[in-house]
Amino acid sequence: MEPARLIDELLALPDDEWEEWLCRHAARLSLAVVAECKQRSDQRIKDDTEQAERLTRAALAVARQLPAEPLAWALANWARGNWAAYQEPKQAVDCYLTALPAYVQAADYLAVGRLYSNLVGVYATLGRFAEADQAYSQAKASFARAGDAAVEYQLSCDLNYGFSLLEQGRCREALAINEAATALAERVQLFEAFAEAKINQALILACLGRIDEVEGLLLVSRATLAAMPQPPALTLARIDLNLGNYYSAIGRLQAAFAAFKRALTGFQKVPMDYAATLFEEAGLLARLGAWRAARRVYEQARSFFSAEGLQQYAARAGLAGAKIRRDRDPSEIDAMLAGVLDQCAERPVEAADARLEQVWLALDRGHLDVASAKLAADLPPDAPPKLHVKWLRLAGQLAKLRGDRAMALAMWQRALAQSRAAALIWQQREIYAELGRFFASSNAKAATEHLETAARIDDALRAELSIKELIADFQAQRDDVLPVLARIAADHQQPERALCAAWRAKGSAIADLIARRAGQLPQFANPEIAALHQQIVRLRWEAAYYQQRDEEAKVAERRRELAQLEAQIYQLRLHAMDLAGGAAVSVTVDPATVAARMDADLLIEYLACDNDLLACCLDRHGQITTTWLGSLETVKHLCQKLEAHQNLVLALLPAQRAAKLPATLPILRKLYDLLLAPLLLPPAGKLLIAPCAPLHYVPFAALWDGAHYGYERYLIEQTPSGMLVSMPAPSGETGPPLVVGASAEGQLGAVEREITAVQAALPDARVSVDDPAAVALLRALPQPPRILHLSAHTELGTEATIFAGLQLAGRMFPIADCYNRNLAGTELAVLSGCTTAHGIDTGGAVLALQSALLIAGARRILVSLWQINDDATAVFMRHFYQALNAGQSPPEALRSAQQALRADPACVHPALWAAFAVVRQVGLI
């Protein structure tokens, strides 16, 4: 019987029947059967660890039946050692040392060298570096005697030894060994070994502080393998995983996301690596603020890990997903946390963390006895400081809910002291926020001090983000302190403080981006900060590397170092902010300056404070008032009713639409009564409105006071935040208008008519309709166009908003690209796609398509508030551009177009004529 068939037959039996089967088939067993077991086990070590382990036991069982074959027991131990190298390194050493004498006796120098090479890697993992050095010398000597057949294995041995030197901190020696291995691999055309050597070289250079060279090395190794006739998918995937972690460490989050996606494609047949990459991708999605997608991907990773019997990894993924759900989807968390606890039987730290998540949930539901019982369980002795701080914060929250304010304060003060000692900056921020809310109703002065401290930490942390991180990353941070500061100020008749807090809450992140794009806020200008940041990048990448290798001790060590470095940077940044007068950005937020530049009779700054809506108003003379407008839930309910009416109207034939107007007007009147009537409005004039969620879709031009629509009394513009008008107006020499349209493969049938109308109004415009080169055209603009008109479907997707964009001919033009365009001086950008005002209001700014174009330099943007009939859009654009050509400003042209459409019986309903708004950033003098 062939060895393969014998092994199949053996593996089909339960383990307790093996001995009988082996005795019955003893005459058929041979060294070849052991070799078959080893080959299969080696192939399954990473993707099916349980089967690999069973195969090594089968090899040992067969070898025991072959006492006359001296290499059988050696080969079986070799197989067991290869499995144990990933699972039980100490056992691997014993297995390899058991195997060696037989191969030395047989003068099989190639096998001897390979075993010593394996020992180099295992000794390095165990930190037994002197023995690793000795094993490397023995391996080199054996390979030298084996001749040319040993070249491939010598390369592997050199890479193992380079890793050992790196672990000892002997980075320059490691680099020399690795460079020699790279050169040898390239000379003998062992391209996979060449690529592995480049990956190792990248890690070594990062440890030497040469982090900027990492990307080039990884890309060279990737290009080398991709050029092979049959590119090795798994090695390419490993390179992509390393690239993803590198890009994530340096803040190129979109590039990281793309690299993880490529890695997933390569790892499709390796469940362990596939699941590990899913875990990395989920963490990136959470960092981007794509909570729903992150939850989904964490669950996918958990399922893969569970299917492979890797319960500790499954628990880690389940816990990460549960933490996201805690604040956003608590209804599904109970079963998930119970499953995590089941999988954490041998991982007490993760189990304690899961229990504390259950405490969060119990406190949120008011189940104080449940929370108290779970807090009573001791934390494990090796629990990290972060877990101790978390316990103290929860104990403080429990005491507060029980009315024991003294105990609550004591717990939070202890948490603050421990978070300072462990350099846990974000935990400090959260504790200051909790203390601020704690004192909000009893001690306004203390509350303000704590909340301001939390806000300064936000400013300092945000100041460390690169432009790319600020675009894609800071939206994930919760801004929960500035609205509380605004509430306290408004309740204590301090309208200027309330307005400034609202400006900081809504405008600080976008102001940072605008300032940095304009070169007003050079990042890491302090050389000491720049040097520390390079170390942080290195440590982040190393932590990700060791996480892949499941070396938890090294991951924990890197994270401790990271916390210390981040604390140093934080203190340096605070000092720099103090020298700059306490400002995190070079943006003036003086109300008098804003009043002088806003070119409006009244600025209305809306701010959501928990479930209440606050309006801060600033008039031309610098007078400020604050008004509480009621419940956000009421506004949301009215917006939902209005949306339902609009959808109904837009689905009707043109002749039927006017009949629905009487049913819509009461909703528009209620919105007027809630949002505008309580304010000290001028009888007529100009309004500059800064909406907050959920007001971004409110058609202020159509709000009905019982006699007039809003646009009839006021010239209305919008802005992300009133603070932005104090910033310098972007300027530059502009070129002719650019008009780009895409019909979504004919689905938007009126796009061509719209573009024709725009082209007639802008005869000098460059026009591109359904052109596959449109994206390339937008990316290679020689100079900012005077007017940029984009007519296309808005692709929102299910991932982070940063990955949304406009669907042009055959390709998407993502929001991320908009940030990178130079539109300084562009007078107007027109976004004619559906719902181009869509955004997410988080992290202090609406990071979406409109804000991207404002940051790129556009002075004004015309956006659509909802999806409307494309024929009506074509008519609207014809009237808008005619008015613009007649010398009207964009808001004046918008009002003219609204009047023209309203005069058309087919468009008399606001669902058609009120679907657009003008947004501006700059102040006008």
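The model is predicted, so local features need pLDDT of at least 70 and side-chain atom pairs count only at pLDDT 80 or more, while totals for chains, interfaces and linings use all residues. Residues are numbered from 1 along each chain as its sequence is written, and side-chain values use heavy atoms, with hydrogens and water left out.

The chain as a whole, then. Its secondary structure comes to 41 helices and 16 strands; these are DSSP runs, H or I of at least four residues for helices and E of at least two for strands, numbered from the N terminus. Of its 925 residues, 56% count as buried, meaning under 20% relative accessible area with a 1.4 Å probe, protein chains only.

Next, the helix pair. Helix 6, residues 89-105, packs against helix 7, residues 109-126, at an angle of about 160 degrees, and their axes are 10 Å apart. Axes are lines fitted to C-alpha atoms over the stretch in contact, and angles run from 0 to 180 degrees between N-to-C directions. The two helices are therefore roughly antiparallel, a label for angles over 145 degrees. Residues making the contact include Tyr96 and Leu100 of helix 6 and Leu115 and Leu119 of helix 7; contact means heavy atoms within 4.5 Å.

Last, the serine. Ser508 sits in helix 27, residues 495-517. Is Ser508 buried or exposed? Ser508 is buried, at a relative accessible area of 9%. A polar atom of its side chain lies 2.7 Å from the backbone oxygen of Arg504.

Conventions:
Buried < 20%, exposed > 50% of the residue type's maximum accessible area, 1.4 Å probe, protein only. Polar contact = N/O pair within 3.5 Å; in protein donor to acceptor, adjacent residues only side chain to side chain. Parallel < 35°, antiparallel > 145°, perpendicular 65-115°, else oblique.
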